[in-house]
Amino acid sequence: MDNNNITILKIGGSVITDKSADDGTARLSEIERIAAEISGFEGKLIIVHGAGSFGHPQVKRFGLTGKFDHEGSIITHMSVRKLNTMVVETLNSAGINALPVHPMACAISSNSRIKSMFREQIEEMLANGFVPVLHGDMVMDTDLGTSVLSGDQIVPYLAIQMKASRIGIGSAEEGVLDDKGGVIPLINNENFDEIKAYLSGSANTDVTGGMLGKVLELLELSEQSNSTSYIFNAGNTGNISDFLSGKNIGTAIGAGTI
Ligand SMILES: Nc1ncnc2c1ncn2[C@@H]1O[C@H](COP(=O)(O)OP(=O)(O)OP(=O)(O)O)[C@@H](O)[C@H]1O
Ligand SMILES: [Mg+2]
C-alpha cells in the first residue's frame with residue numbers, strides 16, 4: 001500500500017453513546033475526552049464514528065435491515081446526523097478543523113455494500129488541513145432502496161480508495177477477546193478459523209455485526225490491500241493518542257505485530 005500518510009480512525013458508537021439506550025443518548029464527556037486526545041495530532045486524519053444508540057435501535061425499530069421504509073430511513077439518518085453534529089462541534093471546540101461528511105449525501109450502495117462514494121471533497125479537505133468526519137448512516141441503495149452503511153464498512157473502503165497508511169478502530173473492549181477475556185494479539189487468514197468461535201455480535205443492539213462484522217471487514221481489507229489495522233479500546237484514556245502517535249495497540253488484523 002502506498003504511503004499517503006493518511007490515518008483513518010473509527011470511534012465506536014459503543015464509546016461515544018450509551019448503547020444500551022433505546023434512543024440517542026450521547027456521552028458528551030467521552031466525546032470531549034476523545035477530542036482532547038485527537039487535538040495534538042498533526043497528520044492527515046479521517047474520522048469515522050459509529051452510530052451507537054443514535055442508529056442501531058432506530059434501524060431495529062423500523063426493521064430497516066429487512067425492508068424499505070421512508071420514515072425509518074429519514075428518522076435514522078436525522079438521528080445519526082445529530083450525533084455527528086455533536087462530534088464535529090466538540091472536535092472544533094478542541095481546536096480541530098473538523099467538517100461533517102454525511103454518507104447519505106455522497107455514498108451509494110448496492111445490496112448493502114458501497115458501490116461508489118464521491119470523495120473529491122474529502123481529498124480537498126485533507127489537502128487544506130480539515131478533518132472530515134463521516135459516520136454510520138442510511139444510504140441510498142440501488143437494490144434495496146435504502147440500506148444501513150456501517151462505519152466498519154466505510155473504514156476499509158476509504159482505506160483502500162485513499163491509500164491510508166494507518167487504520168484504527170476504537171471500540172469498547174481492549175481488542176478482540178478470546179474465551180478467557182484475553183486480547184488476541186493478531187488475527188490473519190491463518191488463525192481466523194480458530195478465532196471465529198470467540199467472535200459474536202454485540203452485547204447491545206448492533207445491526208451491523210458487532211465485533212464479528214468488524215473483524216470480517218478488516219480481514220478483507222488486509223487481503224485486498226496488504227494493510228494492517230488495529231482494534232483497540234477507545235474508552236481507555238490515552239489509547240487514541242497512543243494510536244495516533246504510532247503505537248500499535250489492541251488486536252492487529254493483517255500482517256502487523258503488536
Ligand atoms: N470476541 C470478542 N471480543 C470483543 N468484543 C466482542 C467479541 N465478541 C463480541 N463482542 C462484542 O462486540 C462489541 C463491540 O461491537 P459494537 O458493534 O457493539 O461496538 P461499536 O462498533 O464500537 O459500536 P457502533 O457499531 O455503534 O460503532 C463489544 O462490546 C462486545 O459486546
Ligand atoms: Mg458496531
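**Reading the site around ligand 1**

Student: Which space does ligand 1 take?

Tutor: Ligand 1 takes the space of the largest pocket. On a 1 Å grid over the protein atoms alone, a pocket is an open set of points with protein on both sides within 12 Å along at least five of seven lines. A molecule sits in one if more than half of its atoms lie within 2 Å of its grid points. This is a predicted model: local features need pLDDT of at least 70, side-chain atom pairs count only at pLDDT 80 or more, and totals for chains, interfaces and linings use all residues. Residues are numbered from 1 along each chain as its sequence is written, chains are lettered from A and ligands numbered from 1 in the order written, and side-chain values use heavy atoms, leaving out hydrogens and water.

Student: Which elements give two or more residues to the shell around ligand 1?

Tutor: Helices (H or I, at least four residues) and strands (E, at least two) are DSSP runs, numbered from the N terminus. Here they are α1 (13-16) and α9 (210-225). α9 gives the most, with three residues.

Student: Which residues come nearest to ligand 1?

Tutor: A residue is near if one of its heavy atoms lies within 4 Å of the molecule. Of the 24 residues around ligand 1, the nearest are Gly13, Ser14, Ser202, Asp206 and Lys214.

Student: Which side chains make polar contacts with ligand 1?

Tutor: A polar contact with a ligand is a pair of N or O atoms within 3.5 Å. A side-chain N or O atom of Lys214 is 2.4 Å from an oxygen atom of ligand 1. For Lys10, the distance is 2.8 Å. For Glu173, it is 3.2 Å. Lys10 itself is in strand β1 (residues 6-11).

Student: How much of ligand 1 does the protein bury?

Tutor: Accessible areas come from the Shrake-Rupley method with a 1.4 Å probe. Alone, ligand 1 exposes 640 Å², and the protein buries 92% of that.

Student: Where does UniProt place the feature "binding site"?

Tutor: UniProt annotations may be inferred rather than shown by experiment. An unreviewed entry puts this one at Lys10, Ile11, Gly12, Gly13, Ser14, Gly52, Gly210 and Lys214. They span 205 residues in sequence, yet no two C-alpha atoms are more than 14.3 Å apart, so they gather at one spot. The unreviewed entry's "binding site" annotation also covers Ala51, His56 and Gly151. Those are spread over 101 residues of sequence, but their largest C-alpha distance is 11.9 Å.

Note on methods. A polar contact is a pair of N or O atoms within 3.5 Å; within protein, one must be able to donate a hydrogen and the other to accept it, and residues adjacent in sequence count only if both atoms are side-chain atoms. On a 1 Å grid over the protein atoms alone, a cavity is a set of points where a 1.4 Å probe fits but cannot get out, and a pocket is an open set with protein on both sides within 12 Å along at least five of seven lines; lining residues have an atom within 4 Å of a point.
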